[in-house]
Protein chains: 4
Amino acid sequence: MEANTKTIKSLGVLCSGGDSPGMNSAVRSVVRTAIGLGIEVYGIYKGYSGLLEGNIHKLSLSSVGNIIQRGGTILDTSRCEEFHTPGIRQEAAHILSRKHIDGLVVIGGNGSFAGAMTLHQEHDIPIIGIPGTIDNDISGTEYTIGFNTAVQTAVNAVDNIRDTASAHARTFLVEVMGRRSSFIALQVGICTGAEHVVLSNQAIDYEKIVNDINKGTARGKTSSIIIVAEGEKSGLSYEIKDTLMTQYDLSVHACVLGHIQRGGRPTALDRLIASQMGYAAVQALHQGLRCHVTAFNKGEIEMVPLSECIRGKTESTEAQLELIRALAI
Amino acid sequence: MEANTKTIKSLGVLCSGGDSPGMNSAVRSVVRTAIGLGIEVYGIYKGYSGLLEGNIHKLSLSSVGNIIQRGGTILDTSRCEEFHTPGIRQEAAHILSRKHIDGLVVIGGNGSFAGAMTLHQEHDIPIIGIPGTIDNDISGTEYTIGFNTAVQTAVNAVDNIRDTASAHARTFLVEVMGRRSSFIALQVGICTGAEHVVLSNQAIDYEKIVNDINKGTARGKTSSIIIVAEGEKSGLSYEIKDTLMTQYDLSVHACVLGHIQRGGRPTALDRLIASQMGYAAVQALHQGLRCHVTAFNKGEIEMVPLSECIRGKTESTEAQLELIRALAI
Amino acid sequence: MEANTKTIKSLGVLCSGGDSPGMNSAVRSVVRTAIGLGIEVYGIYKGYSGLLEGNIHKLSLSSVGNIIQRGGTILDTSRCEEFHTPGIRQEAAHILSRKHIDGLVVIGGNGSFAGAMTLHQEHDIPIIGIPGTIDNDISGTEYTIGFNTAVQTAVNAVDNIRDTASAHARTFLVEVMGRRSSFIALQVGICTGAEHVVLSNQAIDYEKIVNDINKGTARGKTSSIIIVAEGEKSGLSYEIKDTLMTQYDLSVHACVLGHIQRGGRPTALDRLIASQMGYAAVQALHQGLRCHVTAFNKGEIEMVPLSECIRGKTESTEAQLELIRALAI
Amino acid sequence: MEANTKTIKSLGVLCSGGDSPGMNSAVRSVVRTAIGLGIEVYGIYKGYSGLLEGNIHKLSLSSVGNIIQRGGTILDTSRCEEFHTPGIRQEAAHILSRKHIDGLVVIGGNGSFAGAMTLHQEHDIPIIGIPGTIDNDISGTEYTIGFNTAVQTAVNAVDNIRDTASAHARTFLVEVMGRRSSFIALQVGICTGAEHVVLSNQAIDYEKIVNDINKGTARGKTSSIIIVAEGEKSGLSYEIKDTLMTQYDLSVHACVLGHIQRGGRPTALDRLIASQMGYAAVQALHQGLRCHVTAFNKGEIEMVPLSECIRGKTESTEAQLELIRALAI
């Protein structure tokens, strides 16, 4: 198949997978940049599912007025398992064609990008991905929209817990989101002065946890905070609590922060990067890029092939762990 | 025993039971008001346990500098089961006598007040209670310090959850604190536009919950929030979730907000009332009251006998439930 | 003219004067309560000006979905000088009649209530007022929607300023809103541990200010905060700063908090009271009240004749000043 | 003079110039990292002035307990004009020598760094600078501690102002800090969807401002926000307001956000970078670096010679202005 080189006259924008704060800032930026370039924009509601249902509406400048600061996404989102089926993607391509939509901007995670990549390969639809997930776990980009807000929300929550932990001389396990990745847990650990961080991809070292807590107590600390990366399934911290209480006779409390980390107003940083990425995505389509992602690397937005951004990110955690250890003495 | 009518020259202040935001504002107010009246003030650390250990230190004006806005309590707190024993209270009275402490200000809940009342009755120690608990569950006073902050923290959390619930068209169970009382749950329910509130003292009406959710869905609501009062033991919302999923085939998510509700900066209202109560408590001791509580009723601080404030509060919830129902249509 | 006793089948709701946080919570409550009672509701946009322009649209349950937490007002607001003219009010009454609107809910301050009262007297239109202004300056009610949020916003701001004032050992004048009333200034003063509060209706006592600051410095305080009630016109604190610097050789900084106090998400308390007042307003119209206000007195909503709520409120400030003095020693 | 190669056994840490949120996180990190390496740490209070007064106290692990989240700086800070005098610096070197302090960590801006550089050159004292100023205006580093928090505080404030601006269909000038640099203004402009940003180093283009506002109004915008970089002296926005009103007949309101931007809890990002920089600073001294800065460039901490960080930073603002223009259409 030859490369699609025709000019983009009309584009669709959708959010897919888990929502993250800043998606609205990105949508606003996509819409306004496109209209400024004379490109029509269609909002595709509820992700790929909505695309298949034809839940598609034209957006104007005022459609995205006063949304830069709102959590969630005005386009709604969903996970769409059936998009893994070739026939379904064929149907999606037909719908886009019938609506005269020449290109797509997909805001989501690596799973959503993988679907976008296949759609591009099979049907030559120009697609630019904008990385949006609180987990910051997409390969090829150092940053994903929503991560900073989720970290900030968790940090605020742990600040609160530290108050009561200190007043009562207690130890708390605080479980943060991030699924299989530990990025949220590590930053939250550093930013809250946590005594220990339980990573998601490692065996739990109970001896080490108990040792870290006792070391702090020995030097006069009145409270301890242990940040737990949730891993595959929320609730791990309850298991750790039970083990610490029954096998190590350690009295601890557990808090699972949960979905408060997904919502809320995007931080300034997420609004900034989302605005930059939305602008870059449309400029890229306008200038002829056909299958890329607006990555954020070394402090700047850069366009990276979509194929590099469809896996989970594995990053060395050693430097951050070393920092946590050094500051928790 | 005759009433203790001697002038208070020196008083002790302690926090007891669960900490609540605003306790520091109250401590600051007690200390400054006392010093202004020429009364010496001693901080008793870690509640009744600290009293028994002689963990008592003189406080100055600057001891309480810049604490009005801090969560937790600089005096620390604890629950002290052994204070139920007469011999232990005898020991406490001796320690106060040896330290030449003429009166006590006890900041805490109804359990702490019951202990204070017995101490007063047995040893004629002048005591003023300041109601401090996020649960707002003390008889004799319409308000307890920390309640407004806990409600605000929970409301902020539910605002966040509403964002992601809307983006995904989901139903969330959000469990708030309050132990056996439902005051937090009801206010949070009203302030977040919840579709349903599960009270702590009533059988769970699953048919009603399912009906409320379905009614909302039928008229186009994309998300539902159900506030759950924790009741005796945290975690009730997980049980409700399981029942809704298995017996009613309803997909729901559960969030237990937990101890984030105990910490954090006190709201303006909690700082205000705590400041007023701390001032009123010392003035009361100074003016000869011997066994009272700084209650907040009908919009004002009033002195109420301690004996009226040692039980849990039961209040009609009907008006608030009616409001929630009216606004959730 | 005989009293209007016909049943209300359709009502209009408008916001008038300065906006305040919580107005949206009140609008939501009015709309849902009315629809629940079978009453049609019309949103009148931009206050009395919009009424005169016929800027009136029917509202549904979903018109007010997800607005309980939003600052500003979805109905917009305005000040309308020409409403003081009888002929203009005649025109307003005609428009309401043509739209078959049987009653009005007016959310605003005492100026707006005065206009509403005259409209009622001249044209027998049933009107319920909901007190909404951050200034809390309406006679007949102890509370007005938005006051708590404005105080909280100012308190948060002063907390920030205290940080930098302490780090640099500086004195700050912080000017808060409230026009001719000092309610915001007094509460903010108490809640931030201010060293002095300059009231709006009193001569500025420079000797006292200088004395309060020097007293603090003498006992080791490193920073001082002086809260200034804006009075008739914003900017008073700049004048005070100049006088302190030139006539008293005192180095001070001035901050005018300004309109940040008008916006922002309503606090839990403002959402609660706004929800209760919106409900009470519609119930009152439904039950036949014709010219009342949903006042908040002694901790409860009560219906007060509109005629009692059309003046500015003067309240003794002595108790609050005494508390500030006692705690600033 | 030969290079000072002796091992650092004891170091001093001070804050100098304007305080910024995150300084405490950096101090904590310096102290704990040093103690972990067996290096003694002395807190030098009130910057260079305190150094000259010998206001120097040994710090322990618990000296910096629970300060990671606090605004201001526990070390206090000052501007010290006399440090420009060689004899005064000689005296400073003597004091450090008498206290057996082998090296300095200086947290501050480029002025403070210039003083540090001279002290190093004249007296061979090993010095590492940590860039701390909300203005983000230090050459040689893309980031300075406190910038993100100041931007976030300003963004929150503008969000509030947008609420009331929308409700009243008003135009607001909002003046942000940053002295001669426009970094805060530009980021705040992007993050709040501002209609126009007035930079500090350019002539004010009134025609353009009026045109931007009118363009927005023409397409239905109900409110406009213009961000003003303060420039040399706070209050510029009042002048702009007067000119717009008198010469262009445009009704606008002005808000000077002021010192609220200096205080407050550091954001997660500022805590993170401050923690990393504190750690890197001590490691650098430990490893033999003698006159460097912990710069943040291309997403990472790197050590840059102090000589590169003593000027104000000039950066192209074109990309950010282009983004603001594109999104404000």
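Visitor: Which residues of α6(A) and α10(A) meet?

Guide: On the α6(A) side they are Leu186(A), Gln187(A), Gly189(A) and Ile190(A), and they meet Gln320(A), Leu321(A), Leu323(A) and Ile324(A) of α10(A). Keep in mind that this is a predicted model.

Visitor: What makes up that contact, class by class?

Guide: There are 5 nonpolar and 3 polar residues in the contact of α6(A) with α10(A), and no charged ones. Gly counts as polar here, so Gly189(A) goes in that group.

Visitor: Why is α6(A) called roughly parallel to α10(A)?

Guide: Take the angle first: helix α6 (residues 183–191) of chain A packs against helix α10 (residues 318–327) of chain A at about 25°, and the axes are 9 Å apart. The label goes to angles under 35 degrees, so α6(A) and α10(A) come out as roughly parallel.

Visitor: And what is the handedness of the crossing of α6(A) and α10(A)?

Guide: Left-handed. That word applies because the near helix is turned anticlockwise from the far one by less than a right angle.

Visitor: Let's go to chain D. What makes β7 and β9 of chain D stand at the edges?

Guide: Look at the sheet order: 4 strands, β7-β8-β6-β9, form an open sheet in chain D with parallel pairing. β7 (196–198) and β9 (252–256) each have a single partner strand, so one side of each has no neighbour in the sheet. From one strand to the next, the twist averages 20°.

Visitor: How do you know that β6 and β8 of chain D pair, and how many bridges join them?

Guide: The cut-off is at least two bridges. Strand β6 (residues 171–176) and strand β8 (residues 224–229) of chain D run parallel and are joined by 6 bridges, so they count as a pair. As one example, Leu173(D) has Ile226(D) of β8(D) opposite.

Visitor: Which helix lies across β6, β7, β8 and β9 of chain D?

Guide: Helix α8 (residues 236–248) of chain D does, and the angle it makes with β9(D) is about 175°. Angles over 145 degrees count as roughly antiparallel, so that is the term for α8(D) against β9(D).

Visitor: What is the order of the 7 strands in the other open sheet of chain D?

Guide: β3-β2-β1-β4-β5-β10-β11, with mixed pairing. Its edge strands are β3 (56–58) and β11 (300–305) of chain D, because each has a single partner strand. Here the twist averages 25° from one strand to the next.

Visitor: How many bridges make β1 and β4 of chain D a pair?

Guide: Strand β1 (residues 10–15) and strand β4 (residues 103–108) of chain D run parallel, with 5 bridges joining them. At least two are needed, so the pairing stands. Cys15(D) is among the bridged residues, with Ile107(D) in β4(D) as partner.

Definitions and conventions: Residues numbered from 1 in each chain as written. Chains lettered and ligands numbered in written order. Predicted model: local features only at pLDDT ≥ 70, side-chain atom pairs only at ≥ 80, totals over all residues. Heavy atoms only, no water. Axes fitted to C-alpha atoms, helices over the stretch in contact; angles between N-to-C directions. Helix = DSSP H or I, 4+ residues; strand = E, 2+ residues; numbered from the N terminus. Parallel < 35°, antiparallel > 145°, perpendicular 65-115°, else oblique. Contact = heavy atoms within 4.5 Å.
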